Amino acid sequence: MARAGKAPKRVLIVDGYNIINARRDGGPGMSAGSLADAREKLLSDLMDYAGYSDQQVVLVFDAWMSDRTMRTEERHGNVTVVYTQKGEIADRYIERLCDELAPDIDLRRVEVRVASSDALEQTIVLGRGASRMSARELMYEMQQLRQAGIRQVIQKPVSRRNPIADHLPPDVRRKLDAMRKGEKN
């Protein structure tokens, strides 16, 4: 069961190159460019998305064919970027992470979604208790959430309240109000 009165922690695990390849195939937000530029653009977009959606994002890039001898992790706000080590593909890392989170998924303490258009990967993570979304679904959701967030910021009314006064004891507030009105105590 979920903790009393508390919503489950939300985690989105993203197969980075899978999303980049979907963007290059005509998805929104990507033009031709270097792979490094594509990684930076995806990271930037996911940082915005994590902020708007209030969830933890794990962005996984595999180094299967590289010379990277160790797995590395970098924190960027609510986004953790994982570069796997040589010979390790992103799918295996994602599956292991889902396995680690499975007890919390079962107890509804965490909600895990995996963004990948790889059909086999989607089937495997479903079996581990996570939900799945395709690359196109993620791109659409990021775009919709960003637009909604921008509209909310633009439409947000300016508050006339004094948040500091809300935290003062009532007797101090009365004295300050009296001073403001020119009254004597």
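## The loop between α3 and β5

Arg 108 is located in the loop that joins α3 to β5 (110–115). Although Arg 108 is not a glycine, its phi is positive, at about 60°. Most residues other than glycine have a negative phi. Arg 108 is exposed, because its relative accessible area is 56%; the classes are buried for under 20% relative accessible area, exposed for over 50% and partly exposed in between, with a 1.4 Å probe and protein chains only.

## Basis of the description

The model is predicted: local features need pLDDT of at least 70 and side-chain atom pairs count only at pLDDT 80 or more, whereas totals for chains, interfaces and linings use all residues. Residues are numbered from 1 along each chain as its sequence is written, and side-chain values use heavy atoms, with hydrogens and water left out.

## Overall organisation

The protein contains 6 helices and 6 strands. Along the sequence they follow the pattern β-α-α-β-β-β-α-β-α-β-α-α. Of the 185 residues in the protein, 35% are buried.

A contact means heavy atoms within 4.5 Å. Among the contacts in the protein with a separation of 6 or more, 53% are between residues 24 or more positions apart.

Asp 54 is placed in the loop between α2 and β2 (56–61). With 63% relative accessibility, Asp 54 therefore counts as exposed.

## Residues of helix α2

Asp 45 belongs to helix α2 (residues 35–53). This residue counts as buried because its relative accessibility is 17%. Its side chain makes a polar contact with the side chain of Arg 23, at 2.4 Å. A polar contact is a pair of N or O atoms within 3.5 Å; within protein, one must be able to donate a hydrogen and the other to accept it, and residues adjacent in sequence count only if both atoms are side-chain atoms. Not counting residues up to four places away in sequence, Asp 45 touches Arg 23 and Met 142.

Asp 48 is also placed in helix α2, and at 31% relative accessibility it counts as partly exposed. Asp 48 and Met 142 are separated by 94 residues in sequence, while their C-alpha atoms are 8.5 Å apart in space. Ala 50, likewise in helix α2, counts as buried at 1% relative accessibility. Its C-alpha lies 6.0 Å from that of Asn 78, a residue 28 positions apart in sequence. Apart from neighbours within four places in sequence, Ala 50 is in contact with Gln 55, Val 57, Asn 78 and Val 79.

Val 81 is part of strand β4 (residues 79–83). Its relative accessible area is 2%, so Val 81 is buried. Setting aside neighbours within four places in sequence, Val 81 is in contact with Leu 43, Leu 59, Phe 61, Thr 72, Glu 73, Glu 74 and His 76. Val 81 and Phe 61 are 20 residues apart in sequence, and 7.7 Å separates them in space, C-alpha to C-alpha.

## Packing of α1 against α2

Two packed helices are described by the angle between their axes and the distance between the axes. Axes are lines fitted to C-alpha atoms, for helices over the stretch in contact, and angles run from 0 to 180 degrees between N-to-C directions. Helix α1 (residues 16–24) packs with α2 at an angle of about 105°, the axes being 10 Å apart. The two helices are therefore roughly perpendicular to each other; angles of 65 to 115 degrees count as roughly perpendicular, under 35 as roughly parallel, over 145 as roughly antiparallel and the rest as oblique.

On the α1 side the contact is made by Gly 16, Tyr 17, Ile 19, Ile 20, Arg 23 and Arg 24, and on the α2 side by Leu 35, Ala 38, Arg 39, Lys 41, Leu 42 and Asp 45. By class, these residues divide into 6 nonpolar, 1 polar and 5 charged. Ala, Val, Leu, Ile, Met, Phe, Trp, Tyr, Cys and Pro count as nonpolar, Asp, Glu, Lys and Arg as charged, and the others, Gly among them, as polar.

## Packing of α3 against α4

The axes of helix α3 (residues 90–106) and helix α4 (residues 119–127) come within 9 Å and cross at roughly 10°. Helices α3 and α4 are therefore roughly parallel to each other. In this contact, Asp 91, Arg 92, Ile 94, Glu 95 and Cys 98 of α3 meet Glu 121, Ile 124 and Val 125 of α4. The contact of α3 with α4 has 4 nonpolar, no polar and 4 charged residues.

Technical notes:
Helix = DSSP H or I, 4+ residues; strand = E, 2+ residues; numbered from the N terminus.
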